[in-house]
Amino acid sequence: MTAELLRVRDLAVSFATEGGTAKVLDRVNLTIGRGQIVGLVGESGCGKTTLARSILGVLPRNSAQIGSGSIVFDDADLLKVDPATLERTVRGRQISFIPQDPYGSFNPVFTIGSQIMELMKWKSPELNDRQAARSGWLPRFHGRQRYRADRQRVLEMLAAVQLPNPDAILAKYPHEVSGGQRQRLMIAMALLTEPKLIIADEPTTALDVTIQAQILKLLRQLATGRGVAVLFTTHDLGTAYEICDRITVMYAGQEMEEAPSEGFFNRPSHPYTSRLLRSLPSNDGGLVGIPGEIPSLVNPPIGCRFHPRCEYATEICCSQRPEPHDVGVDHVVRCYHPVTEKPKQAVQ
Ligand SMILES: Nc1ncnc2c1ncn2[C@@H]1O[C@H](COP(=O)(O)OP(=O)(O)O)[C@@H](O)[C@H]1O
Ligand code: SF4
Ligand SMILES: [Mg+2]
């Protein structure tokens with residue numbers, strides 16, 4: 001068993017759009033260690049959700065195309081695993097998902113309890129992988145003994161995510177609980193199947209700031225306690241700083257910098273990352289922005305995708321795509337001219 005849980009290499013994904021083919025992921029790389037909390041950080045539209053969906057195997061079939069690459073999870077390339085096995089043993093079991101909008105994930109006409117028990121019927125850890133992989137009646141039949149064990153497991157998990165009175169919560173409909181409680185339920189559901197990896201796609205964006213902090217703390221605490229790895233996408237470096245062991249920054253469909261949090265925040269080396277850190281609100285409430293616009297993914301800039309906005313760009317940046325290379329221990333940067341000095345306004 002390797003220390004690496006997930007290794008995405010050279011993944012290219014494009015979408016057919018009315019304006020042409022959008023090259024959304026441009027041979028992107030991502031590594032997650034077992035039990036590690038990794039922040040996938042980038043501005044809106046840079047491809048975070050597309051990468052998350054690629055790992056989960058839920059890209060829209062009619063418009064998305066995977067051009068190249070591999071997604072090795074626990075030593076198997078998910079792009080080569082047959083879809084039925086992926087559905088029964090990996091998605092929702094070994095890899096679970098916490099969405100941005102917890103309300104949209106519940107069916108309004110069924111109680112929370114019936115929806116969680118339906119999940120357990122299919123994805124319970126009480127079913128071993130062999131049982132889960134068998135097609136036919138077995139996983140669909142929720143025998144009394146397994147139902148009881150699963151229900152007990154659900155009640156314990158609701159208590160672990162600090163929901164008061166779990167029995168009463170299970171009897172409620174989704175609209176009868178608050179946004180924060182729904183997101184706690186999502187964390188509980190993500191953990192219930194005893195996954196190795198949770199993908200949390202901007203899980204707290206829809207919540208108010210104080211609840212966001214509580215939920216993130218809870219997610220970190222529960223995942224760390226159980227040795228579960230988390231891929232946490234966010235557009236906010238400050239949030240990533242709070243909970244992540246490792247950071248991967250994306251820009252326009254490419255990973256620009258990957259490093260352990262400490263090295264990343266102390267020595268950000270990519271010009272984009274360095275600007276991004278200075279874009280955080282300053283102590284006096286000001287904001288230092290990055291001049292220029294996010295490029296079109298239908299006609300992305302040749303060479304480095306950041307070059308039209310980069311203050312360090314030279315000729316080679318405008319003609320040849322930089323490849324990732326090491327700038328420190330476990331610290332990888334995709335840039336010809338990495339920044340060496342500490343940013344003036346690093347995260348405190
Ligand atoms: N189903 C789709 N069809 C066409 N374009 C898409 C689709 N999904 C995402 N995109 C495009 O891919 C780019 C990246 O989107 P996304 O992965 O959602 O970014 P992020 O999660 O970082 O905001 C955007 O330009 C978006 O418009
Ligand atoms: S490769 Fe060149 S353009 Fe791209 S970030 Fe580095 S210095 Fe800037
Ligand atoms: Mg997104």
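Domain 1 and domain 2 bury about 1,800 Å² between them, with 60% of this on carbon and sulfur atoms, where buried area denotes the accessible area (1.4 Å probe) that two parts lose on being put together, summed over both. The structure is a predicted model, in which local features need pLDDT of at least 70 and side-chain atom pairs count only at pLDDT 80 or more, whereas totals for chains, interfaces and linings use all residues. Residues are numbered from 1 along each chain as its sequence is written, chains are lettered from A and ligands numbered from 1 in the order in which they are written, and side-chain values use heavy atoms, with hydrogens and water left out.

The domain assignment of the protein chain places residues 1-94 + 195-348 in domain 1 and residues 106-194 in domain 2, the bounds being those of an automatic or database domain assignment. The centres of domain 1 and domain 2, taken over C-alpha atoms, are separated by 30 Å. At the interface, 21 residues of domain 1 are in contact with 24 residues of domain 2, contact being defined as heavy atoms within 4.5 Å. One salt bridge is found by the rule across the interface of domain 1 and domain 2, the rule requiring a side-chain nitrogen of Lys or Arg within 4 Å of a carboxyl oxygen of Asp or Glu. A salt bridge is also assigned to the side chains of Glu87 and Lys123, with an N to O distance of 3.3 Å.

Secondary structure is described by DSSP runs numbered from the N terminus, helices being runs of H or I with at least four residues and strands runs of E with at least two. Strand S7 (residues 197-201) is largely enclosed by the rest of the structure, because five of its five residues are buried; buried here means under 20% relative accessible area, exposed over 50%, and partly exposed in between (1.4 Å probe, protein chains only). Both faces of S7 are covered, with Leu197, Ile199 and Asp201 buried on one side and Ile198 and Ala200 buried on the other. Two strands are taken to pair if DSSP finds at least two bridges between them. Strand S6 (residues 95-98) runs parallel to S7 and is joined to S7 by four bridges, and Ile98 stands opposite Ala200 in S7. Pairing in the parallel sense also links S7 to strand S8 (residues 229-234), over five bridges, with Val230 in S8 as the bridge partner of Ile198. Together with helix H8 (residues 209-226), S7 and S8 make a right-handed β-α-β unit, the handedness being assigned when, with the strands pointing away from the viewer, the path from the first strand over the helix to the second runs clockwise.

An open sheet of four strands is found in the order S2-S1-S4-S5, with antiparallel pairing. Its edge strands, each of which pairs on one side only, are strand S2 (20-33) and strand S5 (76-77). Strand S1 (residues 4-17) pairs with S2 in the antiparallel sense over 10 bridges, and the bridge partner of Ala16 in S2 is Thr21. Thr50 belongs to helix H1 (residues 48-56) and is buried, with a relative accessible area of 12%. When neighbours within four places in sequence are left aside, Thr50 is in contact with Val13, Phe15, Val24, Leu25 and Leu59.

The salt-bridge rule gives a count of 22 salt bridges. One of them joins the side chains of Arg7 and Glu4, at 2.7 Å from N to O; Arg7 is partly exposed at a relative accessible area of 32%, and Glu4 is likewise partly exposed, at 28%. The side chains of Lys80 and Asp77 meet in a salt bridge at 3.8 Å, N to O, in which Lys80 is exposed with a relative accessible area of 71%, whereas Asp77 counts as buried at 15% relative accessibility. Another salt bridge is formed by Arg151 with Asp167, whose closest N and O atoms are 2.9 Å apart. This pair links distant parts of the chain, with Arg151 in helix H5 (residues 144-160) and Asp167 in helix H6 (residues 166-170), 16 residues apart. Arg151 is partly exposed, with a relative accessible area of 28%, and Asp167 is partly exposed, with a relative accessible area of 45%. Finally, Asp26, Arg27, Arg305, Arg321 and Glu323 are joined into one network by salt bridges that share partners.
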